[in-house]
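Hello,

Here is the structure for your files. My notes on what was found follow below.

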Amino acid sequence: MPSPLGDKMRTLRKQKRLSLEQLAELTDSSKSYIWELENKDVPKPSADKIGRIAAVLDVTSDYLLSTETSSPDQQVLDQAFFRKYQGMPEDTKKRLRQILDAWDNDE
């Protein structure tokens, strides 16, 4: 029986149309390791691995490990977006800020 972590990983992976192999490659894991996380009762991934998986799936580590929530809320999505934003090159950040500034000026 899969764990809540496994269920969330599988659901998000499929929503992003990623195969087990693709998620494994993006997280520096093996396909069998991702399969185990999705399908075993009590997976025991490292914090680093959970962080990598969460980043690829655009959620937070806390969300993946939580047993109380079954789908990411807006706060989780915002935190994941901000984490992605922080890792962007400075020129990309600048363009995004310009877009947001232009959008604010339209209102």
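**Aromatic pair and helix packing**

Phe-82 and Tyr-85 are three residues apart in helix H6 (residues 74–86), so about one helical turn separates them. Helices here are DSSP runs of H or I with at least four residues, numbered from the N terminus. This is a predicted model, in which local features need pLDDT of at least 70 and side-chain atom pairs count only at pLDDT 80 or more, while totals for chains, interfaces and linings use all residues. Residues are numbered from 1 along each chain as its sequence is written, and side-chain values use heavy atoms, with hydrogens and water left out.

One aromatic pair turns up in a search of the whole structure. The ring centres of Phe-82 and Tyr-85 are 6.2 Å apart and the planes lie at 20°, so the pair is stacked (centres within 6.5 Å, planes under 30 degrees apart). Phe-82 is partly exposed, at 46% relative accessible area, whereas Tyr-85 is buried, at 16% (buried is under 20%, exposed over 50%, partly exposed in between, with a 1.4 Å probe and protein chains only).

The charged end of Lys-93 sits over the ring of Tyr-85, 5.5 Å from its centre (NZ of Lys within 6 Å of the ring centre and within 35 degrees of the ring normal). Lys-8 lies over the face of Tyr-63, 4.4 Å from the ring centre.

Helices H1 (residues 4–15) and H3 (residues 31–39) pack at about 120°, with axes 6 Å apart (axes are lines fitted to C-alpha atoms over the stretch in contact; angles run from 0 to 180 degrees between N-to-C directions).

Regards

Conventions
Helices (H or I, at least four residues) and strands (E, at least two) are DSSP runs, numbered from the N terminus. Rings of Phe, Tyr and Trp (its six-membered ring) pair if their centres lie within 6.5 Å; planes under 30 degrees apart count as stacked, over 60 as edge-to-face and the rest as tilted.
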